[in-house]
Amino acid sequence: MSTIVLLLITGFGLGALYFLVASGLSLIYGLMGVLNFAHGSFLTIGAFIGWEVARRLSDGSWWALAAAMLTGAVVGAIVAAATEFFLIRRLYNRHIEQVLVTVGLALASVALFEGIWGTDPTYVTSPSWLGQTSEILGARIPNNRFMLIVVAMLVLVAIVLFLKFTRYGLIIRAGVENRLMVTALGIDVRRAFTLVFAIGGAAAGLGGVLASIYYGYVSAHIGGSLLIFAFIVTVIGGLGSLAGAAIASVLVAVLQQFANFYLGGTGDLAVVLALAAVLLLRPRGLLGAKA
Amino acid sequence: MRSRTVITITASAALVLLMVLLPLLNISIPGVFPGPTYTPGTLQLLAYAMLIAALALSYHLLFGLAGMLSFGHALFFAAGAYGLGIVLRNFSPSWLPAGATFVVAILITVLIGFVLATLVGSVSLRVTGISFAMVTLAFAQAGSVVVRRNPGGQTGGEEGLTLDVSHVPDALVGVLNTRNLYWLALAVLVTVYLVVLWVEKSRAGHVVAATRENELRVRVIGIRPYFVRLLIFGIAGALAALAGAAFLLLQSGVSPRVATPDFTLTLLVIVVLGGVGLRWGAVLGAIVYTLLDQRLTALAGSQFIAGLPDLLRIPLSQPLFILGTLFILVVLFLPGGLAGLTKRTGRPHRPSRRGRERMLEVEEL
């Protein structure tokens with residue numbers, strides 16, 4: 001019993017991390033049809049800059065962590081918005097080339113991060129409570145999982161509120177449904193593009209700081225490895241669906257944890273098999289729009 | 001038209017002949033090759049570039065011809081390299097002479113590539129476009145994980161796999177025989193080129209090209225594109241496995257790096273750098289990329305770079321940063337790639353527009 005609780009809650013924690021990456025990917029794809037390979041780099045730069053800030057303030061205190069998270073989100077948003085503005089926008093409506101540009105950016109930025117921060121992982125210090133465990137139903141659960149879950153839920157609620165109750169949220173939702181119609185109504189969708197990139201980048205940058213706490217280190221490849229699972233999550237959840245991304249994040253992460261524990265560390269393979277199964281039975285994903 | 005075909009064939013034959021004779025000549029191009037052309041170092045680099053070119057050609061079959069943006073092609077290259085290593089270690093029937101064992105092992109490896117690609121393709125091709133890209137990426141990631149896990153002690157995990165030379169002909173072993181390995185790589189490249197040419201001109205090639213342009217129309221005519229696409233996917237996988245097998249022989253080992261999705265991204269960079277949709281583009285892109293990568297790595301370790309201030313030193317000491325930036329610039333400003341550039345200077349407008357159109361058409365998927 002305690003093992004199952006442990007696996008479930010750690011699965012939710014990992015799922016929270018996946019969601020922070022996948023939410024941005026899914027929104028960007030839904031609105032613009034761009035598969036953003038540079039999303040992992042937004043996460044990595046958020047993690048690195050956040051770590052630099054926390055290190056300079058005071059290592060291991062709560063307010064340094066809060067500052068790091070804020071900085072990570074802001075840096076992620078700025079870098080993402082700049083990417084959209086300077087690179088993606090130039091290739092308006094040429095989706096394959098947009099993907100190629102983000103691929104180039106991902107390759108170049110990872111190399112740059114390696115040049116600046118080195119190829120070895122940089123270990124981070126976080127508040128001591130996060131390194132301890134709490135007991136729930138007999139399971140000893142690392143405390144940082146709780147923080148991940150809470151932050152991801154806050155992000156989910158914030159994005160949903162933004163989409164539901166603001167003018168730009170309305171434009172984005174309408175744009176996901178039918179971009180051509182929104183343009184025809186005389187609304188400049190391109191500003192919404194930059195905004196969606198900024199939101200996705202902020203979630204990823206925040207995810208970067210949280211990932212550095214989850215793994216205990218920052219490295220230039222931290223974003224790339226999470227990105228692949230985030231891709232799988234977005235496909236399983238249905239491209240362009242935020243709710244789908246949230247559900248699929250948790251499903252994928254929990255499946256991964258259980259397979260890792262009960263089937264001898266085959267979590268990654270189980271996830272790929274799940275993806276294959278979803279594609280065979282329901283190619284548009286759990287909550288995806290009809291193709 | 002016919003005279004142009006004759007000229008093309010003659011020029012190609014002359015180029016291949018030059019490449020065949022290269023190990024016997026003493027040509028030095030400082031800044032491009034590490035030494036004269038007969039030295040093992042230069043031959044090794046050229047052979048490596050040619051194998052990457054063969055791999056890029058097989059990728060061209062998917063992306064350029066069929067318009068399928070796959071992010072999992074490295075899987076089949078790795079299957080070739082690891083497959084041959086594992087087959088050579090475990091397959092030694094007493095009834096076959098030593099030389100025949102080697103040939104049979106290579107055939108088995110290519111078959112493994114074909115079967116694996118057909119299996120992966122049969123699932124991934126159920127979706128198209130961006131979903132297809134992501135699914136192939138997921139399969140490649142799974143392959144990469146399996147290779148690193150070292151199942152049954154066969155793949156060597158992070159260390160990689162070392163070639164077991166007991167069944168490999170002596171002529172293909174050792175630094176002194178780099179020349180033979182060079183010729184082997186050239187033979188692989190020419191073989192792959194001819195197969196790709198044949199596939200492009202075949203009925204299946206026309207069908208996938210038509211599907212790339214307008215899938216609905218192909219369906220209306222009454223052809224189901226799924227199986228033809230699957231066939232092309234399988235052939236591309238087999239060709240990649242062949243290149244991978246030669247890669248294992250050339251490097252006398254293989255590291256898990258070739259199984260990573262990053263390696264496929266490199267492949268995509270090469271094909272786009274050379275020019276999408278053009279066979280020569282893939283070859284040119286591979287050779288330019290490999291040589292640039294090698295020279296930039298040499299440059300990164302030089303005294304000149306070490307003496308620069310941090311702001312310049314850090315970006316310049318990362319070859320992948322320079323190549324990635326170059327790639328972005330090519331995508332933004334040079335839609336036809338390098339091959340489009342050479343054509344553009346010769347005959348203005350037409351070819352570059354064609355390259356651009358191809359990119360637009362592929363995008364529809």
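Analyst: For the packing described here, axes are lines fitted to C-alpha atoms, for helices over the stretch in contact, and angles run from 0 to 180 degrees between N-to-C directions. Helices (H or I, at least four residues) and strands (E, at least two) are DSSP runs, numbered from the N terminus. The model is predicted, so that local features need pLDDT of at least 70 and side-chain atom pairs count only at pLDDT 80 or more, while totals for chains, interfaces and linings use all residues. Residues are numbered from 1 along each chain as its sequence is written, and chains are lettered from A and ligands numbered from 1 in the order in which they are written.

Helix H4 of chain A (residues 95–117) packs against helix H14 of chain B (residues 319–333) at an angle of about 160°, and their axes lie 8 Å apart. That angle makes H4(A) roughly antiparallel to H14(B), a term used for angles over 145 degrees. The crossing of H4(A) and H14(B) is left-handed, that is, the near helix is turned anticlockwise from the far one by less than a right angle.

On the H4(A) side the residues that meet H14(B) include A:Leu100, A:Gly104, A:Ala108 and A:Leu112, and among their counterparts in H14(B) are B:Phe321, B:Gly324, B:Phe327 and B:Val331; a contact here requires C-beta atoms, placed from the backbone, to lie within 7 Å. By class, this contact of H4(A) with H14(B) has 12 nonpolar, 4 polar and 1 charged residues, where Ala, Val, Leu, Ile, Met, Phe, Trp, Tyr, Cys and Pro count as nonpolar, Asp, Glu, Lys and Arg as charged, and the others, Gly among them, as polar.

The contact between the chains as a whole takes 36 residues from chain B and 32 residues from chain A. On the side of chain B that touches chain A, H14 is one of the helices that each supply at least two residues, together with H5 (129–149), H10 (261–274), H13 (310–316) and H16 (350–363). The largest share of that side, 11 residues, comes from H5(B), and by class the side has 28 nonpolar, 6 polar and 2 charged residues.

The C-alpha atoms of chain A fill a box of roughly 60 × 45 × 35 Å along the principal axes, and the C-alpha trace of chain B spans about 55 × 55 × 50 Å.

Key
Parallel < 35°, antiparallel > 145°, perpendicular 65-115°, else oblique. Contact = placed C-beta atoms within 7 Å.
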